[in-house]
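Welcome to this tour. Please open your viewer, get ready to select residues, and follow along stop by stop.

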Amino acid sequence: MTVRTRFAPSPTGYLHVGGARTALFNWLYARRHGGQFILRIEDTDEKRNTEEAHRVIYEGLRWLGLDWDEGPDTGGPHGPYRQSERSDIYARHLATLEAGGHVYEDGGAIRFRSPRRPVVVDDLICGRIEFDMSNPATHPDMTIRRPDGSWIFHFVNVVDDIEMKLTHVIRGEDHLSNTPKHLELYSALGATPPRFGHIPLILNHEGKKLSKRDGGSSITYFMDEGYAPEAVANYLCLLGWSPGENREKLTMPEIRELFDLEKINRRNAIFDLDKCFWLNGQHLLSMDLDRFLELAFPFVDRAGVDYGSREALAAALAIVKPKVKHLSDVPDWIGFLFREDFACDPEAVEKSLRKPGALDLLVSLGKAFEALDDWTPARVEECLKSTAASLGVKAGELVHPARVAVSGRSVGPGLYEMLCLLGKDRVLSRFAQAPAR
């Protein structure tokens, strides 16, 4: 049996992290077992059915590194993959229910007649759960089509899963109570249901279900703030799943190799933006320079940094990479390397350049640098330290004013690498302009 899973979002205008995690788990399960992953858009709500909302879903999933074997934009043998285009299919299955006496009209709506017997859900994550469906007061007959002819989620969801031949439905635990209703529909339609697995909810720090009002609840937030996609995917996987051995930072190939449903926890997951921020820093620190450049370039480009050439940009990124925590901060980290009218931090200037004797020390360092022929990080460092020794001061007395003079700030990449990247002439020029900072 070929494993077939799906992600079926509604185009609400943004991709919630809960939905993104559901997509990720379905994608991982399909890829782990050599199966197929299907994208289906549940867009029967015409008020929210816009192309912009669809675009946000596609961009968010692709940004996370997810691909799909069938979907609205790729096609496939079980389309269309937008519910708004499948009305004829739903009508055909409604006719099957009508022929079997499973539905009745109620005020213009079509309701499904519950068999009124217990339903057992054999869940891959939650275990065996029996639902008593006998009481119409607590489990009324569900509507499957409204009086205006529009379809209800429960019915079209089941029909689509049957038609698209899904073998596994992995979704949030908030859908667990819907599953017995869905199983009743599968039975009435004479179809074999997929295996269900309900994953724990994602809660905020107050113990409430994560909503769009909570910071970081949208994948767009992470895209705009400059998180690495692999870091966010890594973090989302840890919301309910554990690779074991107290491991936290993992690459996507590692996660694909390790992921399976038996390692999903039953406890609800607490969304911790600080933890995601930490993971992002770890991923940025360990990734190779080419990948870092690929991710940073859109932010550099939008900021209008005149970096000259790709080689010059790569060299700048190489020295700031250990410091960067958000890719959106990259333009600020490298801007001073490519322009002479860079901004200065007044506090840093006051502390390092206005300190009595600081400018005199900087002049002495400039003279020593001017005589230096071998402009490499090692020789620059050696020159600075020997100059400090000859002046009878600690190296830091030269390091701090030198850093502020060339960058305008008291923190940044390694001083010696930064000075070498700027080049001797530009360094000496900035030293000369330090009194005016």
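Which residue in E7 does Arg 111 stand opposite? Select Arg 111 and you will find Thr 143 of E7 facing it. Before we go on, a word on the ground rules: residues are numbered from 1 along each chain as its sequence is written, and this is a predicted model, where local features need pLDDT of at least 70, side-chain atom pairs count only at pLDDT 80 or more, and totals for chains, interfaces and linings use all residues. Side-chain values use heavy atoms, leaving out hydrogens and water.

**Stop 1**

Helices (H or I, at least four residues) and strands (E, at least two) are DSSP runs, numbered from the N terminus. Select strand E4, residues 109–112, which is joined to E7 by two bridges, the two running antiparallel. Two strands pair if DSSP finds at least two bridges between them. Now show the whole open sheet, with its three strands in the order E3-E4-E7 and antiparallel pairing. Strand E3 (103–106) and strand E7 (143–145) are the edges, each pairing on one side only. From one strand to the next, the twist averages 40 degrees.

**Stop 2: a parallel pair**

Next, select strand E1 (residues 4–7) and strand E2 (residues 36–39), which run parallel and are joined by four bridges. Arg 6 has Ile 38 in E2 as its bridge partner. In a regular strand, side chains alternate between the two faces of the sheet. In E1 both faces are covered: Arg 4 and Arg 6 on one side, Thr 5 and Phe 7 on the other, are all buried. Buried means under 20% relative accessible area, exposed over 50%, and partly exposed in between (1.4 Å probe, protein chains only).

**Stop 3: two crossing helices**

Move to helix H4 (residues 153–163) and helix H5 (residues 179–188), whose axes come within 10 Å and cross at roughly 55 degrees. Axes are lines fitted to C-alpha atoms, for helices over the stretch in contact, and angles run from 0 to 180 degrees between N-to-C directions. H4 and H5 are therefore oblique to each other; angles under 35 degrees count as roughly parallel, over 145 as roughly antiparallel, 65 to 115 as roughly perpendicular and the rest as oblique.

**Stop 4: an enclosed helix**

Colour helix H7 (residues 229–238): nine of its 10 residues are buried, so the rest of the structure largely encloses it. Among the buried ones are Pro 229, Asn 234 and Cys 237. After H7 comes Gly 240, with a positive phi near 115 degrees.

**Stop 5: the nonpolar cores**

A nonpolar core is a set of buried Ala, Val, Leu, Ile, Met, Phe, Trp, Tyr and Cys residues joined through side-chain atoms within 4.5 Å. The largest has 54 residues, and Leu 317, Ile 334, Phe 369 and Phe 431 have the most contacts inside it. Apart from it lies another core of 48 residues, among them Tyr 58 and Cys 237.

Helix H11 (residues 310–320) has buried residues including Leu 313 and Leu 317. Its buried residues are covered by elements including helix H10 (289–303), helix H12 (330–334) and helix H17 (415–422).

**Last stop: Val 349**

Finally, select Val 349, in helix H13 (residues 346–352). Is Val 349 buried or exposed? At 6% relative accessibility, Val 349 counts as buried.

Note on methods. Contact means heavy atoms within 4.5 Å.
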